Amino acid sequence: MQLGDYTEKIRHFNRFYTRIIGVNNQYTDQTKYSSIEAQILYEISIKEDCTAVYLRDYFKLDKGYLSRILKRFDEGKLITKQISQEDKRISYLHITDYGLKELDTLINSSNEITLNMINKIPAEKLDELVQSMIKIESILKDYENEI
């Protein structure tokens, strides 16, 4: 197979998978947050010493786009910012109690959508599906810094 053939097959899979899991409407149909906003809020909740630079690099986002999301989170009382004692140019991002409540709602909604998506798939096929996902993640993770 040629490199272009791989590219088309991967793009085909990506379109199929994002459509099947409803990534384009998973959050916006039932919440006021987009998929990327939900992911950013989740990452802030689990990452110690989380910064905007970390989030920008992790999600490979435009600085201005991320800045607008974080401003919205700050104005919505989802996060707080704490200036670093060591370097005043760095602000650490922390999720608030209200942010945790909103995140919990997002997670529960996502879990419900996922359960509805897989509830008709037999257990042995679910095992195969999850193992395939683990394999895809493992391969891509080995090259993550080069992608």
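Read along its sequence, the chain follows the pattern α-α-α-α-β-β-α-α, which amounts to six helices and two strands, where helices (H or I, at least four residues) and strands (E, at least two) are DSSP runs numbered from the N terminus. The model is a predicted one, in which local features need pLDDT of at least 70 and side-chain atom pairs count only at pLDDT 80 or more, whereas totals for chains, interfaces and linings use all residues. Residues are numbered from 1 along each chain as its sequence is written, and side-chain values use heavy atoms, with hydrogens and water left out.

Taken along the principal axes, the C-alpha atoms of the chain fill a box of roughly 50 × 35 × 25 Å. Of its 147 residues, 25% count as buried, a term that stands for under 20% relative accessible area, with exposed meaning over 50% and partly exposed in between (1.4 Å probe, protein chains only). The chain exposes about 11000 Å², of which carbon and sulfur atoms supply 53%; such areas come from the Shrake-Rupley method with a 1.4 Å probe, and for residues only the protein chains shown count as cover. Among contacts (heavy atoms within 4.5 Å) between residues at least 6 apart in sequence, 51% join residues at least 24 apart.

In soluble globular proteins, nonpolar side chains tend to be buried together. A nonpolar core is here a set of buried Ala, Val, Leu, Ile, Met, Phe, Trp, Tyr and Cys residues joined through side-chain atoms within 4.5 Å. The largest such core in the chain has 20 residues, of which Ile40, Leu41, Ile44, Leu55, Leu70, Phe73 and Ile79 touch the most other members. At least two residues of this core come from each of α2 (35-46), α3 (52-59), α4 (63-75), β2 (91-95) and α5 (97-118), and α2 gives the most, with five residues. Phe73 shows how parts of the chain are brought together, for, leaving aside its neighbours within four places in sequence, Phe73 is in contact with Tyr33, Glu37, Ile40, Leu41, Ile44, Leu78 and Ile79.

The aromatic rings can be followed next. Rings of Phe, Tyr and Trp (its six-membered ring) pair if their centres lie within 6.5 Å, and planes under 30 degrees apart count as stacked, over 60 as edge-to-face and the rest as tilted; by this rule the count comes to four aromatic pairs. One of them joins Phe13 and Tyr17, which are stacked at 5.7 Å centre to centre with 10° between the planes. Both residues lie in helix α1 (residues 3-21), four residues apart, about one turn of the helix. Phe13 is partly exposed, with a relative accessible area of 39%, and Tyr17, at 30%, also counts as partly exposed. Tyr54 and Tyr58 form another stacked pair, 5.5 Å centre to centre and with 25° between the planes. These two tyrosines both lie in helix α3, again four residues apart and about one turn of the helix. Tyr54 counts as partly exposed at 22% relative accessibility, as does Tyr58 at 42%, and ring pairs link Tyr54, Tyr58 and Phe59 into a cluster.

Helix α1 also contains Ile21, which at 18% relative accessibility counts as buried. The C-alpha atoms of Ile21 and Met117 are separated by 7.2 Å, although these residues are 96 apart along the chain.
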